[in-house]
Amino acid sequence: MDPREQAYDDQLRAATREQLRMIEARVRAHPEGSAHGDGHPHPWVEALGDWWEAELRAGRVRTCRHLHPSTPQPMHGCAWMPGLLACSMCVALGAFNVTGPADRICDRCSLDTLEVGIYNGAAMLGPVSIEYGVCPDCYREIKGSIEAQQGGRQ
Ligand SMILES: [Zn+2]
Ligand SMILES: [Zn+2]
């Protein structure tokens, strides 16, 4: 591997590590949250990841002006704004914030979670995390399938 490729590779790995660290920190802050970097996610989460991967490969994803393909860094997308990636700073500044009822809609079944609360999780694609918000029923189903698979590996 030539030095430029090596440097890119190191940056990519660092960005992926940083992304995982941030997700873990967020999950610790919200004990009900779920996070999973690899393994066998729920089919819905997998389909979400597949969609993003296809969009990325096809070059159809828009990014904030801080992201550049030659300098890997943690990138964030979300299920409720398909096709947009933003850097950590833009996310902190509210790039993915939505207001009103849209903020409460389950990304999986479109239920308005006003009465029941919304749960957050993320699908990981290397240095890219795709966040989603789901209703308690969808959350239990997603979490249940992840735990069943994790249990099966032990
Ligand atoms: Zn940005
Ligand atoms: Zn739902």
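What percentage of the 154 residues in the chain do buried residues make up? They make up 27%, in what is a predicted model. A residue counts as buried if 20 or more other C-beta atoms lie within 10 Å of its own, as exposed if 12 or fewer do, and as partly exposed in between, with C-beta atoms placed from the backbone.

A word on conventions: residues are numbered from 1 along each chain as its sequence is written, and chains are lettered from A and ligands numbered from 1 in the order in which they are written. Local features need pLDDT of at least 70 and side-chain atom pairs count only at pLDDT 80 or more, while totals for chains, interfaces and linings use all residues.

1. Overall layout. You will find four helices and six strands in the chain, running α-β-α-β-β-β-α-β-β-α from the N terminus on. These are DSSP runs numbered from the N terminus: helices are H or I with at least four residues, strands E with at least two.

2. The core. The largest nonpolar core has 22 residues. Such a core is a set of buried Ala, Val, Leu, Ile, Met, Phe, Trp, Tyr and Cys residues joined through C-beta atoms within 7 Å. Touching the most other members are Leu48, Ile130, Tyr132, Val134, Cys135, Cys138 and Tyr139. Two or more residues each come from helix H2 (43-57), strand E3 (75-78), strand E5 (119-125), strand E6 (128-134) and helix H4 (136-153). E6 gives the most, with four residues.

3. Contacts. Beyond its neighbours within four places in sequence, Tyr132 is in contact with Leu48, Cys78, Ala79, Asp107 and Gly121; contact means C-beta atoms, placed from the backbone, within 7 Å. Across the chain, among contacts between residues at least 6 apart in sequence, 59% join residues at least 24 apart.

4. Helix H2. H2 has 15 residues and reaches 21 Å from its first C-alpha to its last, close to the 21 Å expected, where the expected span is 1.5 Å times one less than the number of residues. Its buried residues are Val45, Leu48 and Trp52. Seen down the axis of H2, they fall within an arc of 60 degrees, so they line one face of the helix; the arc is that of the directions from the helix axis to the C-beta atoms. On the other side, Pro43, Glu46, Ala47, Ala54 and Arg57 are exposed.

5. Positive phi. Most residues other than glycine have a negative phi. Ser110 is not a glycine, yet has a positive phi of about 70 degrees. Ser110 sits in the loop between helix H3 (88-92) and E5, and counts as exposed, with 8 C-beta neighbours inside 10 Å.

Note on methods. Two residues are in contact if their C-beta atoms, placed from the backbone, lie within 7 Å.
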